[in-house]
Amino acid sequence: MHFTSEQRLDDGVLQREFTLGEIPGTLWTPESVAPAPLILMAHNNGLPKSDPRLIARGRTTATYGYAVATIDAPGCGDRPRSAAADQARADLRRAMRAGEPVDEIFESLVGPLVENAVPEWRTTLDALLALPEIGGPVGYSGWTALGIRLAVTEPRIAAAGFFAGGFVPLAQREEARQVTVPLLFLLQWDDEGNPRQRALDLFDAFGTKEKTLHANLGGHTGTPSFELEDGGRFLDRHLK
């Protein structure tokens with residue numbers, strides 16, 4: 001892992017950009033807690049790690065005493081785009097606007113993204129846990145489809161927060177029954193891109209005995225700010 005820049009922010013959080021081979025990432029660490037528990041913060045496909053909402057989540061979570069890391073997975077941010085994935089995104093947007101079935105298009109887009117992203121996240125996790133300022137346990141926060149696969153295959157993850165789980169590939173819907181870590185599931189009731197009933201069905205399918213559903217009115221980007229505070233309390237219960 002090679003750090004390419006660092007900046008001490010006004011809230012005391014240290015923000016560092018890094019590269020790990022071809023993987024670019026950002027790491028936020030709190031001012032005084034070491035070694036800190038680690039949160040892997042994954043964003044939805046195509047969204048860059050420089051997205052302002054993502055940066056705000058990372059910084060705020062670090063002020064709660066966590067190290068927080070995010071990466072640009074294959075096809076995200078400034079990494080090379082896949083022509084097939086870009087076409088699938090365009091086809092998906094067109095089909096959703098027209099009210100046409102989207103399952104087949106969605107599978108062709110998101111399934112490969114999950115398969116490609118998981119190995120890079122596990123490689124990143126290995127490197128992060130080798131840093132003296134970071135310890136366990138490890139939590140996950142973000143994209144549901146990727147989080148399900150990581151929660152099932154990565155034994156170091158002790159708790160997870162999932163967002164917007166209406167559209168999840170078939171493989172991950174089946175894997176949901178194997179998720180056994182404590183889970184906080186956020187649902188925007190009027191999310192135009194994540195069908196509500198599918199999200200509720202997915203929540204019901206999770207195998208964990210400790211799962212909580214938070215549902216709020218509003219569209220995809222309308223998650224209330226207080227959910228970040230509630231998420232911090234959830235992490236504290238299971239990672240500290």
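Student: Leaving aside its neighbours within four places in sequence, what is E175 in contact with?

Tutor: E175 is in contact with I148, R149 and V152, once you set aside the neighbours within four places in sequence. Keep in mind that this is a predicted model.

Student: Where is E175 found?

Tutor: E175 is in helix α5, which covers residues 170-175.

Student: And is E175 buried or exposed?

Tutor: Buried, because its relative accessibility is 13% and the cut-off for buried is under 20%.

Student: Which side chain does E175 join in a polar contact?

Tutor: The side chain of Q172, with a polar contact of 3.1 Å.

Student: OK, another glutamate. Where is the place of E154?

Tutor: E154 is in the loop between α4 (144-153) and β7. E154 is buried, with a relative accessible area of 2%.

Student: What does E154 touch, not counting residues up to four places away in sequence?

Tutor: R122 and L125. With R122 there is also a polar contact between the side chains, at 3.0 Å. The side chain of E154 makes a polar contact with the side chain of R156 too, at 2.8 Å.

Student: One more glutamate, then. Where is E100 found?

Tutor: In the loop between α2 and α3. E100 counts as partly exposed, because its relative accessibility is 38%.

Student: What is E100 in contact with, leaving aside its neighbours within four places in sequence?

Tutor: R94 and A95. As for P182, its C-alpha atom is separated from that of E100 by 36 Å, and the two residues are 82 apart along the chain.

Student: Switching to rings. How many aromatic pairs does the structure hold?

Tutor: The structure holds 5 aromatic pairs. One of them is F3 with F18, an edge-to-face pair at 6.3 Å centre to centre and 75° between the planes.

Student: Which strands do F3 and F18 lie in?

Tutor: F3 lies in β1 (residues 2-8) and F18 in β2 (residues 14-20), so the pair ties together parts that are 15 residues apart in sequence.

Student: And F18, buried or exposed?

Tutor: F18 counts as buried, at 1% relative accessibility.

Student: What about the rings of Y140 and F162, why do they count as edge-to-face?

Tutor: The ring centres of Y140 and F162 are 5.9 Å apart and the planes sit at 70°, so the pair is edge-to-face; over 60 degrees is the cut-off for that. This pair links distant parts of the chain, with Y140 in strand β6 (residues 134-143) and F162 in strand β7 (residues 157-163), 22 residues apart. Both Y140 and F162 are buried.

Student: Which residues do ring pairs link into a cluster?

Tutor: Y140, F162, F185, F203 and F206.

Student: By class, what does the lining of the largest cavity have?

Tutor: The lining has 10 nonpolar and 2 polar residues, and no charged ones. The largest share of that lining comes from α3, with 3 residues.

Student: And the second largest pocket, how many residues line it?

Tutor: It is lined by 14 residues, with S82, A85, P112, L113 and N116 nearest its centre. About 190 Å³ of space lies in that pocket.

Student: Which helices each supply at least two residues of its lining?

Tutor: α2 (83-98) and α3 (103-129). The largest share, 5 residues, comes from α3.

Student: How do the residues of that lining divide?

Tutor: Into 8 nonpolar, 4 polar and 2 charged. In the largest cavity, by contrast, the lining has no charged residues.

Terms used: Residues are numbered from 1 along each chain as its sequence is written. This is a predicted model: local features need pLDDT of at least 70, side-chain atom pairs count only at pLDDT 80 or more; totals for chains, interfaces and linings use all residues. Side-chain values use heavy atoms; hydrogens and water are left out. On a 1 Å grid over the protein atoms alone, a cavity is a set of points where a 1.4 Å probe fits but cannot get out, and a pocket is an open set with protein on both sides within 12 Å along at least five of seven lines; lining residues have an atom within 4 Å of a point. Grid points are joined across faces, edges and corners, and a volume is the space filled by probe spheres set on the points. Helices (H or I, at least four residues) and strands (E, at least two) are DSSP runs, numbered from the N terminus. Ala, Val, Leu, Ile, Met, Phe, Trp, Tyr, Cys and Pro count as nonpolar, Asp, Glu, Lys and Arg as charged, and the others, Gly among them, as polar. Buried means under 20% relative accessible area, exposed over 50%, partly exposed in between (1.4 Å probe, protein chains only). Contact means heavy atoms within 4.5 Å. A polar contact is a pair of N or O atoms within 3.5 Å; within protein, one must be able to donate a hydrogen and the other to accept it, and residues adjacent in sequence count only if both atoms are side-chain atoms. Rings of Phe, Tyr and Trp (its six-membered ring) pair if their centres lie within 6.5 Å; planes under 30 degrees apart count as stacked, over 60 as edge-to-face and the rest as tilted.
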